Amino acid sequence: MNLTGKTAVVTGGSRGIGRSICLELARSGANLVFCYAGNSAGAEETAAECSRLGVQALPVQCNVADPEDVKALMETALNAFGRIDILVNNAGITRDGLLLTMKESDFTAVLDTNLKGAFLCLKAAARTMMKQRCGRVINISSVVGLRGNAGQVNYAASKAGVIGLTKSAAKELATRGITVNAVAPGFIDTDMTAVLPESARTALLGSIPAGRLGQPEEIAHAVAFFAGDHAAYITGQVLAVDGGMSM
Ligand code: NAI
């Protein structure tokens with residue numbers, strides 16, 4: 001994959017899947033602006049690792065659910081590099097709980113970060129991409145958005161929403177040379193899933209035909225494919241990277 005000279009904006013790059021996506025895009029030659037919620041040390045580590053790969057990587061602390069923060073994030077990319085070629089909406093949170101006891105604030109927080117955040121970033125980046133008449137948007141959904149999951153009505157709704165957002169935006173932006181696709185990871189080995197109780201992990205493992213957790217790099221490879229030239233005629237698609245979980 002050759003992304004030399006391209007600019008990528010990645011949300012949630014301080015750890016986990018987002019960090020792997022930053023590193024994979026950097027390895028392919030793209031300069032980066034990435035945001036993170038609060039983990040400055042993690043963000044600095046991502047930036048340093050990207051720099052070692054020979055590209056520029058600028059961390060920005062930002063809440064993707066805040067329109068002013070998102071505006072500043074995109075302005076950082078435009079001021080530094082003059083264009084936005086790739087947007088990866090990766091930032092996400094969970095606030096799990098059963099339907100009958102889930103607090104409204106936990107529902108709203110997850111929708112705000114996972115879905116509204118993706119909407120705000122897509123809207124802001126699309127303006128620039130439309131002027132450029134090219135762009136690649138990759139939204140990170142989830143197997144849970146495809147299948148649902150007990151204890152995650154908020155998260156499942158947000159990730160199913162990301163799929164609707166992806167397909168609708170793909171239809172609106174296709175004539176401008178902009179593709180919008182989604183990657184739906186299965187059960188990936190990150191800090192987000194490390195907090196699951198052992199019993200839940202064992203049950204989940206049993207539902208994965210591949211018999212193992214995915215690694216963040218395996219999601220990053222799919223994202224890089226959608227970002228590259230070989231995916232120019234693919235839009236509005238959802239690629240499950242889940243060891244067969246959603247079959
Ligand atoms: P993580 O919790 O390790 O990292 C999340 C990243 O998002 C961090 O960099 C954090 O700073 C950032 N972030 C969180 N809220 C933010 C906000 N309001 N504004 C800006 N940045 C914010 O998560 P992980 O596991 O790397 O997941 C990444 C994405 O992949 C998420 O969208 C998640 O829902 C999705 N996913 C993860 C799976 C897994 O098994 N780990 C499975 C399916 C989807």
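Guide: A polar backbone atom of Ile17 lies 2.8 Å from an oxygen atom of the ligand. A polar contact here is a pair of N or O atoms within 3.5 Å; within protein, one must be able to donate a hydrogen and the other to accept it, and residues adjacent in sequence count only if both atoms are side-chain atoms. The model is predicted: local features need pLDDT of at least 70, side-chain atom pairs count only at pLDDT 80 or more, and totals for chains, interfaces and linings use all residues. Residues are numbered from 1 along each chain as its sequence is written, and side-chain values use heavy atoms, with hydrogens and water left out.

Cys62 has a backbone N or O atom 3.1 Å from a nitrogen atom of the ligand. For Gly186, a backbone N or O atom is 3.4 Å from an oxygen atom of the ligand. Taken alone, the ligand exposes 830 Å², and the protein buries 93% of that. These areas come from the Shrake-Rupley method with a 1.4 Å probe; for residues, only the protein chains shown count as cover.

Now the whole shell. The ligand is surrounded by 29 residues, each with a heavy atom within 4 Å of it. The closest are Ser14, Asn90, Tyr155, Ile188 and Thr190. The shell divides into 14 nonpolar, 13 polar and two charged residues. Ala, Val, Leu, Ile, Met, Phe, Trp, Tyr, Cys and Pro count as nonpolar; Asp, Glu, Lys and Arg count as charged; the others, Gly among them, count as polar.

Some elements give at least two residues each to this shell: α1 (16–27), β2 (31–36), α6 (153–173) and α7 (191–194). Helices (H or I, at least four residues) and strands (E, at least two) are DSSP runs, numbered from the N terminus.

β2 leads us to the sheet. This open sheet has seven strands in the order β3-β2-β1-β4-β5-β6-β7, with parallel pairing. Two strands pair if DSSP finds at least two bridges between them. β3 (57–61) and β7 (238–241) stand at the edges with a single partner each, so one side of each has no neighbour in the sheet.
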